[in-house]
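Thanks for coming, everyone. Please take a moment with the sequence and the structure before I start.

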Amino acid sequence: MEQAVPKMKYFGTGNKPTGEPFVWCAAMGLTLGLTLIVSLMGLILVKGVAVFWPDRAVVLELKPGSTARLGGSEYLAGVVTKEQKILRRAKDISGGEDAGRERMEWQLFLGNKDIYGISFKYVDYADISRTAYPEDLIRIERMEYGDAFGFPVYLEIAGEDPIEFSSAAFLPRLHALVRDVSHRWDEIRKIERDEIGAINLKIERLRLRKKKLDRDVAQNADALEEAALKLTDLQNRYNVLAAEATDLRQQQSRDALVYQLATDQKKRLPVGEVVHFYFPNRLNFIDRVGLFFHRLWVFLSETPREANTEGGAFPAIFGTFVMTVLMSVAVMPFGVLAAIYLREYAKQGILVRSVRIAVNNLAGVPSIVFGVFGLGFFVYFVGGSIDRLFYSDALPTPTFGTGGIFWASLTLALLTVPVVIVATEEALASVPRGVREGSLACGASKWQTILNVVLPASAPGILTGLILAMARGASEVAPLMLVGVVKLAPTLPVDGLFPFFHLERKFMHLGFYIYDLGFQSPDSEAAKPMVFAATLLLIALVVVLNLGAVLVRQRLRKKIMAGAF
Amino acid sequence: MTAQSRFQTAASTLFLDRFMTRFIAVGGISVIAAVLGIFLFIAWQTLPLFQGAKIRRASSVALPEGDYAVLGADEWGELPFVVDHAGAISFIDLVGNREVISVYPGRELNKDITAFYYNRIKQEIIYGTSDGHFFITGIHFRPFYEANSRRIDVKTETGPLMRIGLEGVPVERITYGAGNNKMLVAALQTRAGKAVIHTTTLVKEASLFGAGQFITATRFEITQTFSSEPSGILVNSQGDGIVISTAEGKIYYFAESGGKLKLHQVFEPFDDTADREISSMDYLLGEVSVVLTNPQGINRIFSLYVPAGNIERVFGPTKEFRALDGPAAFYSASLRNKAFLIGRDNLASLRYGTTEVVRWEERLPFRIRHAVVGGKYDRLFFLDWENQLHIYMLSDPHPETSYRAFFGKLWYEGYTEPAYEWQSTGGTDDFEQKLSLVPLIIGTLKGTFFAMLFALPMAILGALYTSQFAHPRFKLLVKPMMEIMASLPSVVLGFLAALWLAPLIEARVPSILLMVILILGSSFLFGAFWTSLDMRHRKWIRPGYEWIALIPVLFVASWVGWQLGPLLEKVLFVTTDPNTGLRIADFRLWWPEVTGASFEQRNSLVVGFMMAFAVIPIIFTISEDSLSNVPRALTSGSLALGASRWQTAIGVVLPTAFPGIFSAVMVGLGRAVGETMIVVMATGNTPVMDMNIFSGMRTLSANVAVELPEAPYLGTLYRSLFLGATVLFVMTFTVNTIAEIIRQRLREKYKTV
């Protein structure tokens, strides 16, 4: 039995709400925004992670007459870093056989900069006749000139017969040698940086003392003599250590590895130059993962080499950390103090309201303006005065009268103090009135109420503000460029030498590291991987801090909702 | 323990409470004062830029009796000298107590001196004799140290006697200009009652051992061209230009071309004034400009420049100063900058050529006969008619600045017209700092404009959609995403813009163009198409989920746009190579050819796009807040009356929340204005004045970041950069304050609804 279902008008196509396409247009705004964020973060993640992933290395056989040939050799070895369409500056559309046809090319990382003089080579697909991934191809990370690719030939060991690559003893021996070498480097570094560094510092202080004593030779004859004795003693110790370091350095270049490049040249490399080596085409997945973490660790823990393009970024990470901590220590008490005053003590009126607006707006003032203030006030005015009062012996070399980590931290503290004030005020305002009145009714004084009731209740909010301030502080670069950040700091701001915290020292910073490496480096293409790695690290740091703030805030909301009575 | 004391508060508690009240009040106020004091400090640093010169009377010295024609000074201002009409030089020791040192140059030559001229740049005096000869005496000041104090020693040295002009005829006036290897001497003599001018060019002999003697190269007579008596002669240091003024008020400009002196220009500087005569004519430092006065005291500067349509440099009027009360009686140009001291009687006026500003003007308590500006621009010397030498200390650390130098157009030497220009360092010594902030402000606005161009549609549409149409659960996703976006360090965005985005889109501008159109169009078309579908199909995408459905649309549109770009380029953006006749499809060539504007890889498009990342989250968050806060009653009412959701959003929600959105835009503007690292990294940092999207710019903030680390402490550049920071501060602070006030008003309004 069939029953005709009346077609309801509701389902018809006639019922179209006005302006629906515009809603879709608006939706595109959101879609586009979110897609852009996700793809940008994805790009940085992929590029940043790829830096540490060990890739296979390829050997290319080039067709005769290829322009990509180096020194007439028909082979090229390296790692493919990019695959792209050939970009021609002028796109001729008048005709011609391959006009308009897109051709592909590889960007090949060649290494061996000491021999080739270049790091990268573009190779047209059409020029390649054969590709191979030979297992014997070795990739060596070196102290200088970046990586090398080649085929090992033999090991040259002082006082022994050379060990051929084909012999079974080759690899274990090479591993052992590289391990020795790396221990020796540690030793050299300990002597040169720590021990000689300490002596240098003492000599410098003695020199300043002498300069002071020299003003009145007659009165300070004894002291001068004593200083001179000490100086000779230090000089002697210095000489002993320097000799030791020289001896160690000589040992580093005693043994050598000889390898042959794909382009046929033979190269003798002292084992002391080898930082690390591996056979990129012999690795299985587990090996690769292992190597990935090894390289990541090197990046996080070691000092940079070769104008920051090799090695690690530890000083930059450490500098960012120390600066952020110093900034937090400075910003926290002042920000909270100002907020408590504004919210709890000041008479609420037009004046306080306008002060509040002004403080709020300071958070929107460009960071470079704070940098300008930091340079003019902290560095030149305050620092210059400190130098004249306490470090006049060292003048004209400035001690505090030049950019340093202390001034950088204070500048950033000023920059972020509005953030903390605003967050703290909000947190204080959200403490329910009943809680305060309860406390006051129990006989607590105003300060006791604030200290024991209001502040604990608003602590998560204050913490959120501090975390946001830290995130902002850690990611600022522009003001730092004016107040003490440098490309390469020889010493860390905190070390084992008295007085341990060297607040006047210049320091390295991840953000500036990115700027400097990407823009001031002589070989920006070779520096790119390090920039991406540093970028990933900085973003990870900032995002973790921000997510932390979001989580703290959400917990706070729940707590306040539950705690309201 | 009594009952009462039980209820009494402990003294320590009360004390602590009172103490903390004070402590927090004092501490809080000082923190806020310190934070607000930042602006005051920065502004205070810029104040000296707008102050005039300060003059302080130091001492007066009585000179021996005599009739002095010239007053001169050494570089240190410690050993000034006078020259009497017979050509004898007397040095006056101001610091030590040496007697007046008198020198009689050329005495051994046994000639009568009839004219002389003091060349301050070379510190030499040229003497003309009664029989048509000349010789040059050099004055060498040399500092030496005696008992830990610096003193100045002086020695004079007279060169060989040389002939000029008519033999045996007295030289009535003589002048010269000399560089390292070339010298041009001009002398005025009378022949048969008529003034004649002769010039001699001397060049340094090329010798194996370096410094050779000057020898005569060419001689000219340049008299026949004048219609009246010559009254003033100026020769430049390059020895290739002569400026001669005549009694009736004309100026003749001769310049050397092809080994000959050629008349380049004749002009009348005061042809529009009552008195056309020229009373004084002198060079300004650099010898590109002449400072002129007429008998009325009108003071003008004419400078050499290449006018449009000309190939040679000629003089043109560039500056006019406040008039003196009569013809200038004395003149002295500074050797450090474009300042000059001019005046008559007891009036002295220190003026700055470039900025057209009177730095200082005063009537002094004596009648001035001669005056000279100290070599370091730190002293002024005046010789009065009673032979008293008055020394004044001059303090004018920033003479080249003025309100107009920073914010107005200035006619710099050699320019064809007044210009706004920022150029703080230059290659040569006589380089003039150009400190106009206008190109930087324009650059700042340009960057901001392009950032807003990208950010505004995305942020506001996104906020509108999120608050009005999207399912509320997405807010929990969108808000943290936006916060993460807001926290992206700008150095990262700058790095990506410059090293990843700029090279990527350099060759694909048509693709980008197409993508923008396609993305916008496709969403609209897809919306229209979907709405036209039957409800059975339409329900597959629930309202509030549209943005997810658009993700594939976005990808397809972008991909199609990217791929079709080159095709579009071949159709629309084709240029023909003039040399080979090939037709080339390349937007990068097409743009400069069609618009005349340049195309750079790191351009405003890239900066705007990346800066949008920094600005979107701010605009989005604030506008989303104000859109969401529109009272529910209003929207419900509108929907209940039959309006569609779009009509409600546009007709009810948007107007109500408009102030909030406006304030969001203002805050976003503030952020874009102050953005530093993205601009530093992703533009060429050239100060330009155009709005071309394919060229870079230099913003105020980038300028500070790039130049301040190298600027000498408290120098003019240092203070000018502080001024830039002040402008930046004022711009952002104003914008933010407006936004904040609007937002507070809005909050009040919602309360009442």
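One caution before that. This is a predicted model.

Start where the two chains meet. Now look at three residues on the chain B side: B:Ile24, B:Phe495 and B:Trp646. Together they supply 6% of the area that chain B buries against chain A.

The partners are A:Glu20 and B:Arg645, with their closest N and O atoms 2.5 Å apart.

Now the domains of chain A. Domain 1 covers 58-149, domain 2 covers 158-254, and domain 3 covers 317-563. Take domain 1 and domain 3. Their C-alpha centres lie 48 Å apart.

Find B:Thr683. It sits in the loop between helix H14 (677-682) and helix H15 (700-707) of chain B. Is B:Thr683 buried or exposed? Its relative accessible area is 4%, so B:Thr683 counts as buried. The side chain of B:Thr683 reaches backbone atoms in two places. One is the backbone oxygen of B:Val679, at 2.8 Å. Another is the backbone nitrogen of B:Asn685, at 3.1 Å. Leave aside residues up to four places away in sequence, and B:Thr683 touches B:Arg602, B:Val607, B:Ile678, B:Gly696 and B:Met697.

Now two backbone angles, again in chain B. Phi of B:Gln123 is near 50 degrees. That is a positive value in a residue other than glycine. B:Gln123 lies in the loop between strand S6 (113-119) and strand S7 (124-129) of chain B. With a relative accessible area of 13%, B:Gln123 is buried.

B:Glu356 also has a positive phi, near 65 degrees, and is a residue other than glycine. Look for B:Glu356 in the loop between strand S25 (347-352) and strand S26 (357-363) of chain B. B:Glu356 is partly exposed, at 25% relative accessible area.

Side chains of opposite charge can pair when their charged atoms come close. Over all chains, the count comes to 52 salt bridges.

A:Asp136 lies in the loop between strand S5 (128-132) and strand S6 (138-142), and A:Arg282 lies in the loop between strand S11 (274-278) and helix H5 (285-301), all in chain A, so the pair ties together parts 146 residues apart in sequence. A:Asp136 is partly exposed, at 34%. A:Arg282 is partly exposed, at 34%.

Next, A:Arg173 and A:Glu160. Their closest N and O atoms are 3.1 Å apart. A:Arg173 is in helix H3 (residues 170-213) of chain A, while A:Glu160 is in the loop between strand S7 (147-156) and strand S8 (163-164) of chain A, 13 residues apart. Relative accessibility is 27% for A:Arg173, which counts as partly exposed. A:Glu160, at 40%, counts as partly exposed.

Last, over to chain B. B:Asp625 and B:Lys479 meet in a salt bridge, at 3.1 Å from N to O. Why does this pair tie together parts that are 146 residues apart in sequence? Because B:Asp625 lies in helix H11 (residues 604-628) of chain B and B:Lys479 in helix H5 (residues 475-486) of chain B. B:Asp625 is partly exposed at 35%, and B:Lys479 is partly exposed at 28%. Salt bridges that share partners join B:Lys475, B:Lys479, B:Glu624 and B:Asp625 into one network.

That is my tour. Thank you.

Conventions
Residues are numbered from 1 along each chain as its sequence is written. Chains are lettered from A and ligands numbered from 1 in the order in which they are written. This is a predicted model: local features need pLDDT of at least 70, side-chain atom pairs count only at pLDDT 80 or more; totals for chains, interfaces and linings use all residues. Side-chain values use heavy atoms; hydrogens and water are left out. Buried area is the accessible area (1.4 Å probe) that two parts lose on being put together, summed over both. A salt bridge is a side-chain nitrogen of Lys or Arg within 4 Å of a carboxyl oxygen of Asp or Glu. Domain bounds come from an automatic or database domain assignment. Helices (H or I, at least four residues) and strands (E, at least two) are DSSP runs, numbered from the N terminus. Buried means under 20% relative accessible area, exposed over 50%, partly exposed in between (1.4 Å probe, protein chains only). A polar contact is a pair of N or O atoms within 3.5 Å; within protein, one must be able to donate a hydrogen and the other to accept it, and residues adjacent in sequence count only if both atoms are side-chain atoms. Contact means heavy atoms within 4.5 Å.
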